[in-house]
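Open the structure in your viewer and keep the selection panel at hand. This tour goes stop by stop, saying what to pick and what is there.

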Amino acid sequence: MQQQVNIQTEVRKLVKLQEIDTQLYSLNREKNEKPKILEAIQNELEQKKQVLKEYEERNKALLLKRKDREGQLAVKEESIKSLQSKLYTLKTNKEYSTMLTEINGVKMDKSLLEEDILKLFDEQDSLKKELDQKQEILKEEEKKSEEEKQKINNRLKEIEGMIKDLDAKRAVVEKEIDGKIITKYNKILKGKDGLALVAVEHSSCQGCFMNVPPQVINEIKMNDKLIFCEMCARILYIQDETTN
Ligand SMILES: [Zn+2]
């Protein structure tokens, strides 16, 4: 049986198979990359949403601070009113001027609080503007991400279809190849990341680009048996003589 195997014919089939496998490995690599890209897009978006959340938190904190100051302001206003109402019950000039000083002190506190409140309003205003802008940008980015994801998912579907077709094609070609040879080829294919059969061009192996000695080239041309690259162990062939 072994004698009847025509190496040249088998290698021609292997060339066809390697063409299919090269496409398959490339498509599978692309297919495996896509989920990572999708994840990266999602992560980037999440980070931006997180920034927005921080803005919203800051806005909330400012609002609480302002409410607190407004509460304090109301207390000061009450206290001014009550002090002023007592002013007319006072008997002496000294008591009167002490009370006035006290009222002025509270009024000063009050105007400080008012300044504070205005500043907080301003801060909130500019924060709100920034927040609105960022929300607008995020909306745009979400739209873009969605389109990007859609594109990737479409490509994934396309890839899966192509892989299915190539798998079917591969099965047909594989069945035609001698058992021992295909076993060897498949083993190298797995071990060498999808490249099992390589041409010799200008005396160099197109798998590892090392020099192939003339006697090895002669051995390939004899078509007695499979010849392997001494460096990378891939199956070697000479393009012109095995492909038509
Ligand atoms: Zn090599």
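**Stop 1**

Bear in mind that the model is predicted. Check the backbone of Asn 223: phi is near 55°, a positive value in a residue other than glycine. Is the residue buried, partly exposed or exposed? Asn 223 counts as partly exposed, because its relative accessibility is 22% and the buried class ends under 20%.

Now pick Ala 233, which is in the loop between α4 and β3. Its phi is also positive, near 65°, and Ala 233 is not a glycine either. Ala 233 is partly exposed, with a relative accessible area of 39%.

**Stop 2: the whole chain**

Zoom out and show the cartoon. How many helices and strands does the chain have? There are 5 helices and 3 strands.

Turn the model to see its extent. The C-alpha trace spans about 135 × 35 × 25 Å along its principal axes. The radius of gyration is 41 Å, whereas a compact globule of 244 residues would have one near 18 Å.

The accessible surface is about 16600 Å², and carbon and sulfur atoms hold 52% of that. Of the 244 residues, 31% count as buried.

Color by charge next. The chain carries 46 positive and 47 negative charges, and their mean positions lie 2 Å apart.

Then consider the contacts. Among those with a separation of 6 or more, 72% join residues 24 or more positions apart.

**Stop 3: helix α1**

Select residues 7-87, which make up helix α1, and find Asp 21 within it. Is Asp 21 buried or exposed? Asp 21 is buried, with a relative accessible area of 1%. The buried label applies because the cut-off is under 20%.

What does Asp 21 touch, leaving aside its neighbours within four places in sequence? Show Arg 170, Tyr 185 and Leu 189: Asp 21 is in contact with these residues.

**Stop 4: helix α2**

Select residues 93-175 for helix α2, then highlight Asp 109 inside it. Asp 109 counts as partly exposed, at 33% relative accessibility. Compare that with Asp 21, which is buried at 1%.

Asp 109 and Gln 72 are 37 residues apart along the chain. Draw a distance between their C-alpha atoms: the separation is 9.6 Å.

**Stop 5: the sheet**

In what order do they lie? The order is β2-β1-β3, in an open sheet with mixed pairing. The strands β2 (204-205) and β3 (235-237) stand at the edges; each has a single partner strand, so one side of each lacks a neighbour in the sheet. Strands of a sheet pair through backbone hydrogen bonds, either parallel or antiparallel.

Go to β1, residues 197-201. Of its 5 residues, 4 are buried, so the strand is largely enclosed by the rest of the structure.

Follow the pairing with β2. The two strands run antiparallel and are joined by 2 bridges. Between β1 and β2 lie 2 residues, and the strands form a hairpin. Click His 202 in the turn: its phi is positive, about 50°.

Now follow the pairing with β3. Here β1 and β3 are parallel, with 3 bridges. Ala 199 stands opposite Tyr 237 in β3.

**Stop 6: helix α5**

Finish at residues 239-242, helix α5, and pick Gln 239. This residue counts as partly exposed, at 32% relative accessibility.

Which residues does Gln 239 contact beyond its neighbours within four places in sequence? Show Ala 199 and Glu 201, both in contact with Gln 239.

Last, draw a line from Gln 239 to Val 198. The C-alpha atoms are 9.0 Å apart in space, and the residues are 41 apart in sequence.

Methods:
Residues are numbered from 1 along each chain as its sequence is written. This is a predicted model: local features need pLDDT of at least 70, side-chain atom pairs count only at pLDDT 80 or more; totals for chains, interfaces and linings use all residues. Side-chain values use heavy atoms; hydrogens and water are left out. The radius of gyration is taken over C-alpha atoms; the globule rule is 2.2 Å times the number of residues to the power 0.38. Buried means under 20% relative accessible area, exposed over 50%, partly exposed in between (1.4 Å probe, protein chains only). Contact means heavy atoms within 4.5 Å. Accessible areas come from the Shrake-Rupley method with a 1.4 Å probe; for residues, only the protein chains shown count as cover. Lys and Arg count as positive and Asp and Glu as negative; His and the chain ends are not counted. The place of a charge is taken as NZ of Lys, CZ of Arg, CG of Asp or CD of Glu. Two strands pair if DSSP finds at least two bridges between them.
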